[in-house]
Amino acid sequence: MEFPSKLIQSAVDELAKLPGIGRKTALRLVLHLLKAETEDTTDLAEALTKMRQDITYCNQCHNISDTEICSICANPLRDQAALCVVSDIRDVIAIENTGQYKGLYHVLGGVISPIEGIGPSDLNITSLLERIPGSEVKEVILAISPTMEGDTTSFYITRKLREFGVKITTIARGVPVGGELEYTDEITLGRSIVERTSYNKV
């Protein structure tokens, strides 16, 4: 792809590094920004620069934050007895968007993966274990993706948490709403049968 300007090419090259953005899409975005008001483009550049320079992580749960303690951890109205453990910040956003959970979170920063050289010491597991004693936490919810690595991580954390005497639960796994049984993988369908619930609760 030939460009009439090295400045355009440089901008396209940088945008194309973003996930899900190909060079054609990057070019469309660059040309859009070129046509936009100078103030709009400047505001975007400043917002990205400020985000990268000033963003921090919560000292307590490791979620992204503007302050040392994030707004969720600092909110006295959140259920202090429930602690939801997730592998990634995106999981916090996804769960919050459901509006169904009002407890606290703990972001691990990944999952245990020997193949990729990621062990327990590379994750925020130690800080998780340090949060339990002296806290109001009575239930730890493991909301980790049901992959081989995710299950390994959940199993490891469960073993470590047993000594604290807290209730340990995991998110339900089953056939998604609107899904067809014939297209559901065997593991998911099997778990749905084993962990079936009373029809009166549906």
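Biologist: What makes K17 count as exposed?

Modeller: K17 has a relative accessible area of 62%, and exposed means over 50%, buried under 20% and partly exposed in between (1.4 Å probe, protein chains only). K17 is therefore on the exposed side of that cut-off. A word on the ground rules: this is a predicted model, in which local features need pLDDT of at least 70 and side-chain atom pairs count only at pLDDT 80 or more, while totals for chains, interfaces and linings use all residues. Residues are numbered from 1 along each chain as its sequence is written, and side-chain values use heavy atoms, with hydrogens and water left out.

Biologist: Happy with that! How do you know that K17 and E14 meet in a salt bridge?

Modeller: The rule asks for a side-chain nitrogen of Lys or Arg within 4 Å of a carboxyl oxygen of Asp or Glu. The N to O distance for K17 and E14 is 3.2 Å, so the pair qualifies. E14 is partly exposed, at 45%. By this rule there are five salt bridges.

Biologist: Why is the pair D13 and R23 said to tie together parts that are ten residues apart in sequence?

Modeller: First the contact: the closest N and O atoms of D13 and R23 are 2.9 Å apart, and they form a salt bridge. D13 sits in helix α1 (residues 6-15) and R23 in helix α2 (residues 23-35), so the pair ties together parts ten residues apart. Helices here are DSSP runs of H or I with at least four residues, strands are runs of E with at least two, and both are numbered from the N terminus. D13, at 26%, is partly exposed, and so is R23, at 34%.

Biologist: Why is R78 called buried?

Modeller: Its relative accessibility is 11%, so R78 falls within the buried class. R78 meets E96 in a salt bridge at 2.8 Å, N to O. That pair links distant parts of the chain, 18 residues apart: E96 is in helix α4 (residues 89-98), and R78 is in the loop between β2 (64-65) and β3 (79-86). E96, at 28%, is partly exposed.

Biologist: What makes M51 partly exposed, and where is M51 placed?

Modeller: M51 is in helix α3, and its relative accessibility of 46% makes it partly exposed. M51 also belongs to a nonpolar surface patch of about 540 Å², together with L44, L48, I55, Y57 and I64. Patch residues have over 30% relative accessible area and no salt bridge; nonpolar side chains (Val, Leu, Ile, Met, Phe, Trp, Tyr) are joined within 5 Å, and like charges within 9 Å. Areas come from the Shrake-Rupley method with a 1.4 Å probe; for residues, only the protein chains shown count as cover. Helix α3 (residues 38-54) gives the largest share of the patch, three residues.
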